[in-house]
Amino acid sequence: RKQNVAMSCRSEKEIDTVNLCVKNTPENVTDHTGTPNGNGKACGRKAEAYLSQRITHTRKVKLKRKSTLDSLGIKRKLENEEKCVVKKELKIAEHPDPSAGQSLTRVPLKSVMDVEMKLVYVDEQEITYEFAEPQEYGPTQSAYETSKPGDPMTACALNFAPQMDKWLAKALKDASFYYHQKKYSVAAGRFRTALELCSKGAVLGNPFYASYEKISSIASFIETKLVTCYLRMRRPDLALNHAHRSILLNPINFRNHLRQAVVFRCLERYTEAARSAMIADYIYWLHGAKEQNISKHVKLYWQAMLEEGITQAETFSVMYTPFAGKPTAAQIEKIKEVFRKKHPAYANYLYADPGISHILPQTVDWSEIFPQRYMLLLGFKNPEDGTFLEKIVSRRSPTFTEYKTPFWSLTIKEVEKNMDILGRRILPVLDFITCTKLAVGIFIYSGVIEKLQYASYLSQLKRMKEQAQVINQTIAELATMPYLQEMSQHEIELLHSLMTDAIDTLEGNRNNAECVWNKTEKVGLIEDLIYQLEDNFLKSKALKTARKQRREVKKLKSQNRTEPLKPVS
């Protein structure tokens, strides 16, 4: 892995940021050894009942956080960060040589690994609950270590600590022992045994009175430990599904999202890792952000993954431009002209993302009401690779398949062709757009429908393991979505339907034809068919009108020629 490559002055492939300068020197992070804030186990149909609770809970947290910031007048800034020049109007510095622009120092690999060691490979021993008020302990001591029997804090900690089933407790104790002995393979086996016991109902000592949140908190803890074990074993492919499920069980624990980012990095899926790191930083701020160094290091990890994603892209290049308001058509055209000069190889198709909603880790400050926003300009080598973006913006039911017959099943060759289009042309660009855009809709830009369609193609090709990974990732995204944005009632209902169908598909209780995303695809195909019939009708009507006019003109000319001249008296 290359360690020192400039981020915004890379030949033919760079990210252009105007007057951005950030000093990314990581400092020692105080390990805040805490456990995930346990959430209800969103499995099966119980997930629907708790989505509404999560949305209500998130709104309360946001209002509480905002009132706290307003009352204290907190303006959080990254420590040892140079002041960035924030321009309220568009100012583009045109250089005769693209390399004359200002560049950002590439985040070294050592800094990335330091963040992972301090924030991901942390030994979390306590289990707390998502819907309870979190208890703040010291960075190196647990609630059991800092309190004595009889103290009020001990009673509070005992209320939070569930009385686990004795066999489950034994399995977790054995797994923890082997984990600290660095026998990660044996520890993973013990954690898998504990997970199987959870699935059979052996979670708490009294299962008939076990609450949904307590069961979820324990299951989430086991999933996170499995992720860590597989990462220690250098098997990110095995850790991937567990990382997704830990987010499903507890989407408001920022470490779960950061673990997912580490798994994506190990799999060289850098743009997805960048989005996971961005979500981790936002959720950490949303729930208090007690340690400023933690937020700084998460942003550093986000920046590193974004740089790797830009470097990895081969079919497109990008440019970010800061704006204070909506750009005019003349400003957009000026930006495109600058892009054509700097990246002539990627100027065959230019697409400007409508709206100024992109953020960068170097300048983002979640506490600001109006943070610095950027306009994203994408340039493609192949014009066909960029045309689908226009469809996403202009249609509510996007579909990108090559066939135009919604009432016929696909052949194997057609399925392979459509899957190649989704996997090679569409999903990589959507993943890149969302790695600097926090709030995305279910349809527009999120890639949720496209990923589920991709999973359906995998199912038709009997690639069940890959299908399960894609669906688990999509379910994790859907579980996190209510915490990132305000959702309308229609979006909430659609979210419930997508999660229900996705979970039923994983369990084998629903076929592809009955799923919401395939119905959406069929609606898009029918829409295409209607537009095509309308175009054909209008063209045919225009041709008939033109023929009729030509016949009338010809008839008038023939009448004028055959009509005899009247004699002059």
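Residues are numbered from 1 along each chain as its sequence is written, and side-chain values use heavy atoms, with hydrogens and water left out. Because the model is predicted, local features need pLDDT of at least 70 and side-chain atom pairs count only at pLDDT 80 or more, while totals for chains, interfaces and linings use all residues.

The protein chain contains 18 helices and 5 strands; these are DSSP runs numbered from the N terminus (helices H or I, at least four residues; strands E, at least two). Of its 569 residues, 52% are buried, that is, under 20% relative accessible area with a 1.4 Å probe and protein chains only. The chain exposes about 27,900 Å², and carbon and sulfur atoms supply 54% of this area, computed by the Shrake-Rupley method with a 1.4 Å probe. Taking contacts (heavy atoms within 4.5 Å) between residues at least 6 apart in sequence, 79% join residues at least 24 apart.

Turning to the sheet, 3 strands form an open, antiparallel arrangement in the order β3-β5-β4, where two strands pair if DSSP finds at least two bridges between them. Its edge strands, β3 (316-323) and β4 (349-352), each pair on one side only. Neighbouring strands are turned by 20° against each other on average, direction ignored. Between β4 and β5 (residues 373-380) there are 4 bridges, and Leu350 stands opposite Gly379 in β5. In a regular strand, side chains alternate between the two faces of the sheet. Both faces of β4 are covered: Tyr349 and Tyr351 are buried on one side, Leu350 and Ala352 on the other. Helix α14 (residues 412-434) lies across β3 and β5, at about 160° to β5; axes are lines fitted to C-alpha atoms, for helices over the stretch in contact, and angles run from 0 to 180 degrees between N-to-C directions.

Next come the cavities, each a set of points on a 1 Å grid over the protein atoms alone where a 1.4 Å probe fits but cannot get out. The count comes to 3 cavities of 30 Å³ or more. Helices α9 (254-266), α10 (270-286), α14, α15 (448-460) and α16 (464-484) each supply at least two lining residues, with α16 giving the most, 6 residues.

Technical notes
Buried < 20%, exposed > 50% of the residue type's maximum accessible area, 1.4 Å probe, protein only. 1 Å grid on protein atoms, 1.4 Å probe; cavity = no way out; pocket = protein on both sides within 12 Å on 5 of 7 lines; lining within 4 Å. Points joined across faces, edges and corners; volume = space filled by probe spheres on them.
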